[in-house]
Amino acid sequence: MNAINLSCFLTSLTLLIAMVFHPVSGIDCFKCVSFNGANKACDDPFHNNYSTAILESPCMGGRKGRDGLFPATSCIKIAGYYDDTGETITVRGCALDSGTLTTDTEIIRMSHCGRFYYDNRYVHGCLQSCNDADACNAAPHLANTDVHLTLVLF
């Protein structure tokens, strides 16, 4: 084996080992539900006060078409009121992209406000996602951030 081939082989082997043994990590997110203000720790205005009672680290979420839980890639927050009763709801949690091709089937790809179906009822409010920092679903106004993927080809 000449020096160039050996160098390429060792570089490829090192990268492969690094990818195999690289620990999987997810984002930390607050997870809680407040229905009609019953869980003040979950409602807005949100005051974490450095409590870890509702912080899941790392946050784990389900994936479409797969069994089990996986490290989340984004935090989410749903806040609004039910159209039929006016009762309020706040949900903080996490999710991960399931890899479908369209934005409208992946809730973490685009935050939106309006009417949506949740828990078999219509809600008027906002569904927001973020992935720019651990526990980013603490803020009342979350910014949706783009996910940039880098593909390295040999």
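Biologist: Which residue is the bridge partner of Ile76 in strand 9?

Modeller: Strands of a sheet pair through backbone hydrogen bonds, either parallel or antiparallel. In this model, which is predicted, Ile76 has Ser129 as its bridge partner in strand 9. Strand 6 (residues 74–82) and strand 9 (residues 121–130) run antiparallel and are joined by eight bridges.

Biologist: How many bridges join strand 6 to strand 7?

Modeller: Eight bridges join strand 6 to strand 7, and these two strands also run antiparallel. Within this pairing, Val91 of strand 7 stands opposite Ile78.

Biologist: Over how many bridges do strand 8 and strand 9 pair?

Modeller: Strand 8 (residues 112–118) pairs with strand 9 over seven bridges, in the antiparallel sense. Cys113 has Cys126 of strand 9 opposite to it. The hairpin formed by strand 8 and strand 9 has two residues between the strands, and in this hairpin Asp119 adopts a positive phi near 55°.

Biologist: In what order do the five strands of the open sheet lie?

Modeller: The order is 2-7-6-9-8, and the pairing is antiparallel. Strand 2 and strand 8 are the edge strands, since each pairs on one side only. From one strand to the next, the twist averages 25°.

Biologist: How should I picture the side chains along such a strand?

Modeller: In a regular strand the side chains alternate between the two faces of the sheet.

Biologist: Let us turn to the disulfides. How many does the structure hold?

Modeller: A disulfide is a covalent bond between the sulfur atoms of two cysteines. The structure holds five disulfides. When the bonded cysteines of the protein are numbered in sequence order, the pairing reads 1-5, 2-3, 4-6, 7-8, 9-10.

Biologist: Which parts of the chain does the link of Cys32 and Cys42 tie together?

Modeller: The sulfur atoms of Cys32 and Cys42 are 2.2 Å apart, and the two residues form a disulfide. Cys32 lies in strand 2 (residues 32–35) and Cys42 in the loop between strand 2 and strand 3 (55–56), so the pair ties together parts that are ten residues apart in sequence. The link is right-handed, with 80° about the S-S bond. Both Cys32 and Cys42 are buried.

Biologist: Is the link of Cys59 and Cys94 right-handed or left-handed?

Modeller: The link of Cys59 and Cys94 is left-handed, with -85° about the S-S bond. This pair links distant parts of the chain, 35 residues apart: Cys59 is in the loop between strand 3 and strand 4 (60–61), and Cys94 is in strand 7 (residues 88–95). The distance from S to S is 2.1 Å.

Biologist: Why do Cys59 and Cys94 count as buried?

Modeller: Buried means under 20% relative accessible area. Cys59 counts as buried because its relative accessibility is 0%. Cys94 is buried as well, with a relative accessible area of 11%.

Biologist: What is the geometry of the disulfide that joins Cys130 to Cys136?

Modeller: The S to S distance between Cys130 and Cys136 is 2.0 Å. Their link is right-handed, with 95° about the S-S bond. Cys130, at 1% relative accessibility, counts as buried, and Cys136 counts as buried at 12%.

Biologist: My next topic is the aromatic rings. How many aromatic pairs does the structure hold?

Modeller: The structure holds three aromatic pairs. One of them is formed by Phe30 and Phe46, and the question is how their ring planes are set. Planes over 60 degrees apart count as edge-to-face. The planes of Phe30 and Phe46 are at 65°, with ring centres 4.9 Å apart, so the pair is edge-to-face. The two residues belong to distant parts of the chain, 16 residues apart: Phe30 is in strand 1 (residues 29–30) and Phe46 is in the loop between strand 2 and strand 3. Phe30 is buried, with a relative accessible area of 1%, and Phe46 counts as buried at 11% relative accessibility.

Biologist: Which arginine lies over the face of Tyr82?

Modeller: Arg121 lies over the face of Tyr82, at 3.7 Å from the ring centre. Arg115 lies over the face of Tyr122, at 4.9 Å from the ring centre.

Biologist: Finally, where is Pro71 found?

Modeller: Pro71 is found in strand 5 (residues 70–71). With a relative accessible area of 25%, Pro71 is partly exposed. Pro71 and Ile27 are 44 residues apart in sequence, yet their C-alpha atoms are 7.2 Å apart in space.

Conventions: Residues numbered from 1 in each chain as written. Predicted model: local features only at pLDDT ≥ 70, side-chain atom pairs only at ≥ 80, totals over all residues. Heavy atoms only, no water. Helix = DSSP H or I, 4+ residues; strand = E, 2+ residues; numbered from the N terminus. Buried < 20%, exposed > 50% of the residue type's maximum accessible area, 1.4 Å probe, protein only. Disulfide = S-S within 2.5 Å. Phe/Tyr/Trp six-rings, centres within 6.5 Å; stacked < 30°, edge-to-face > 60°. Lys NZ or Arg CZ within 6 Å of the ring centre and 35° of its normal. Pairing = 2+ DSSP bridges. Axes fitted to C-alpha atoms, helices over the stretch in contact; angles between N-to-C directions.
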